[in-house]
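Let's walk through this one together, starting with a pair of helices and moving on to a hairpin and a loop.

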Amino acid sequence: MTTKRIQKVAVIGSGIMGSGIACHFANIGVDVLLLDIVPRELNEREKAKGLTLEDKAVRNRLVNDSLKTALKSKPSPIYHQKFADRITTGNLEDDIAKVKDVDWIIEVVVERLDIKKTVFENLEKHRSPGTLITSNTSGIPIKFMSEGRSEDFQEHFCGTHFFNPARYLKLFEIIPGPKTSQEVLDFLNGYGEQFLGKTSVIAKDTPAFIGNRIGIFGIQSLFHQVKNLGLTIEEVDKLTGPVIGRPKSATFRTVDVVGLDTLVHVANGIYENCPNDESHDLFKIPDFITTMMENQWLGSKSGQGFYKKTVSAEGKKEILSLDLDSLEYRSKKRASFATLELTKSIDKVIDRFPVLVDGKDKAGDFYRSNFAAMFAYVSNRIPEISDELYKIDDAMKAGFGWEHGPFQIWDAIGVQKGIDIMKAEGKVPAEWVTEMLASGNSSFYSVKDGATYAYDIPKKSQEKIPGQDAFIILDNIRTSNEVWKNSGLVIEDLGDGILNAEFQSKMNTIGGDVLAGLNKAIDLAEKDYQGLVIGNQAANFSVGANIGMIFMMAVEQEYDELNMAIKYFQDTMMRMRYSSIPTVAAPHGMTLGGGCELSMHADKVVAAAETYIGLVEFGVGVIPGGGGSKEMTLRASDTFRKNDVELNVLQEYFLAIGMAKVATSAYEAFDFGVLQKGKDIVVVNKDRQIALAKAYAKLMAEQGYTQPLQRKDIKVLGKQALGMFLVGTDSMEAGKYISEHDKKIANKLAYVMAGGDLSEPTLVSERYLLDLEREAFLSLCTERKTLERIQHMLKTGKPLRN
C-alpha cells in the first residue's frame, strides 16, 4: 500500500459535495469518473427536443447539471477551468462497471444508511480487489455501512470525510471501520496530507466524528448563552470573528451560509446518539431555532436566516438582523466592547486571549463563559473521540477555519487559570488535566528543536507530534534560529546554508523596514550562506507596498523622497534577481502589488495552490512601480515569436495590469504571465511550502548557481504599440467603460510598456524600462484623483473609480 499510486478515482454522487470532491481530485491531476443516478422522467426542455429516457443526454442529465453548477459557483471549486477536462461523467446504470479500473471509489450519496448500503452492494459487483472504497458520510457510523460486504471490501473500507467546500477547507477526517487495515489508514493519512493538501486526522467512529462534534457543540453552546448574557447576534458575531482568529462570518453568518437545517440535522444526531454526553441537553434545539426551522428561515438558501437582505422602495440595499427575543428583523446594530478596544494594539491573535478573559464588561463575561464551556467539553472528549488532544485542535483549525484550537487557546490563557475560570463558571475539567499539572507538565504543548510536542495522556509526558518532518514551522524556530531582525522583517536560519526572510509588518505590507530587511538578508546570504527563501506563514504573503507611506509623501509633495523610495524598491527587486545566491519566493494567499513584484523577481517561485496573485496598482490610481511594469514588458518580449503578432502578445500583458487581474489560484497565474511555466512550481499543501522552497534553493546552489547578467535585450515596439494603446484607451473612454483618470493611468502604462515613443522596435535594458516606470509612477502621484483613490483604499480597503 505504501507504493500505491492514485491515478483514477470514482466519485459516486454529484451533489455539491460530490462535485466538489471530484473537482479537487482533478485539481491535483487525477483522472475522475463522476457518477450519479438516472433521471426517472423527462424535463420540459427534453420533451421539447423530443428526447426519450434512453438518450444519453437525459440519462446523464443529473450528473452533468450538477457538475456544471459546481464549476460556475464562486468561490470556484477548481484551480483552473481546463482541469475540469479531467472529469468524465456517467450514470450508475450504464457506467458502474467502469469502477473496476479505478484506484479509489468515494461514495458521496444522500445521508441514508439504506441507500448507502444498496450503493455499496452494487459497487462490490464491479470493484476490483484491493481498490480503496470510502464514504464521505458526515455522521453515519462506519461500522454499519460495510456490514455484509466481503473481507477485501471491509479491509479497504473506511470513512473519508471532506469538509465543504472541498478545495478550501483543509480537514480530512479518516474514520476506520471494524476491519479497516492499518496499511489503508496509513496510506490515506499520508495521501491526504501530501497530495490533497489536507490536514489528515484519524478519528474514532463516534457521532459527528471530531470536527462536527466540537464545532456543533460550540454553536449550540452559543445558542444557549446568547439570551442568558443579553447579547445580540451582531455582538456575538463581533466577539467570535477575526478578533479571536475565526472567519469573518463568525457564528450566525456562518450558520446562514451552511444552512440552519444542516446544523439542526447534525445537532439532533448527536442528541439522539450520545445519551451519556455530560452536555447532552445542550444539543437540544432551543425554541427560537425551532421557530426559525418552522418558518423556513434557513439562511442564504431560503433568503433569510439570522440575517436578511432587503431592498427598499428607493432601491437601497440593507442587511437586517434577527432580534432573538421578538423574532422580528430590524436594522443592524453596531457592536462595540471596551475589552475589544484593549486588543487593538495586539497583532498576534494568540496574545489576545489573556486580555479577553480578563475583560470587565459583557465581552469578558462572554469569553469566560464560552471558553469555560469549551475547555470542559474538549477535555472530556478524550479518549471518547480521540486519544490525542492535538487532533482536536487540528480538526477545528482545518475544518472550521479557527486560527487556534481549543487546547492552544487554553495554553495561551494558562492551564491553571483556565481551570479557575471553569470553576467560577460551574464547569469541571476532565481528570487527566489536573493529573497533567500534578505530573509537572504546565502546558498542553511545547516546542523543542523546532518541533511541536503535545502532552500524551497515558505516558504523562510531552511527546513529539508525528508527521512534522516534512514541514518547517516558522513559529517554532523564529526565536532560536533568528539571525537578524528589525520592525518589519526577521531573518531565520533554515539550516543547510539557507536563510529565510519573513515579513513581520501589518498585513505583510512592504515598506522601508521590509526593504532594508530584504537587502540585509541578501547581504548575509551572499557572505555566509548559500541561498535565500522569502516566505512567511501568515494568512497572506503580502498585500503589497505600504501605500500609506506613499500617500503621506505625495500629500506633503516630498517628491524627491518619494522618487528615492520607489527607486529603493526597484533596486531591491533587482537585487532579488541579480544577487550571487539563488532566491526563492514562497507566495500564498493574497500576493498583491509589491508582493507580486517581489515574487516575479525571485529566481524561482514555489507558490501555494491557494495564491491570489496580481498587479493591482490601477485600483489606487498608479501603475506597478516596483519593477512590475518593466517585468511584464520583459516577459512579453520573451514571448514574442516570429509567427506571433507581437502587438497582440504585448496587449495581453498590458491588460493583465490594466484590468488589475488577480489569479484565483496559482495555476491561473501562469495564464497571466505572473508565474512562468518551466521555472515556477505549485505546492498543494501550504504547510510543506517553506521546506520545499528551502529544498529548491539548496538544489540550485548545489548545481552551481551563477549570478545572472542584467538584461539589455528587451524588445520594445515604440510608437507602433503606443499608438495602438492610445487609440484603445480613447475608445474605452468614449464608450464610458473607463473614466478620464483611468485613461490617464492606462496611457502612462502604455508609454512604459511601449518603451516610450521610439520610432521603431528597439532592444532596451531593464534599467531603461525601470526609469520610465518610476517616472510614470511619480507623475501619477501628483494627480489629485490618484490621492483620492489611495485615501479611499486606506479608509475602506476597497478601490475607488473616479
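**Helices first, then the hairpin**

Helix H16 (residues 362–380) packs against helix H18 (residues 406–413) at an angle of about 125°, and their axes are 10 Å apart. That makes H16 oblique to H18, since angles under 35 degrees count as roughly parallel, over 145 as roughly antiparallel, 65 to 115 as roughly perpendicular and the rest as oblique. Axes here are lines fitted to C-alpha atoms over the stretch in contact, with angles from 0 to 180 degrees between N-to-C directions.

Keep in mind that this is a predicted model, where local features need pLDDT of at least 70, side-chain atom pairs count only at pLDDT 80 or more, and totals for chains, interfaces and linings use all residues. Residues are numbered from 1 along each chain as its sequence is written, and side-chain values use heavy atoms, leaving out hydrogens and water.

So who touches whom? From H16, Phe-371, Met-374, Phe-375, Val-378 and Ser-379 meet Pro-406, Phe-407, Ile-409, Trp-410 and Ile-413 of H18, contact meaning heavy atoms within 4.5 Å.

Now for the strands. E9 (residues 307–311) and E10 (residues 317–322) run antiparallel, joined by 5 bridges; strands are DSSP runs of at least two residues and helices (H or I) of at least four, numbered from the N terminus, and two strands pair if DSSP finds at least two bridges between them. Tyr-307 has Ser-321 in E10 as its bridge partner. The two strands form a hairpin with 5 residues between them, and Gly-315 in the turn has a positive phi of about 90°.
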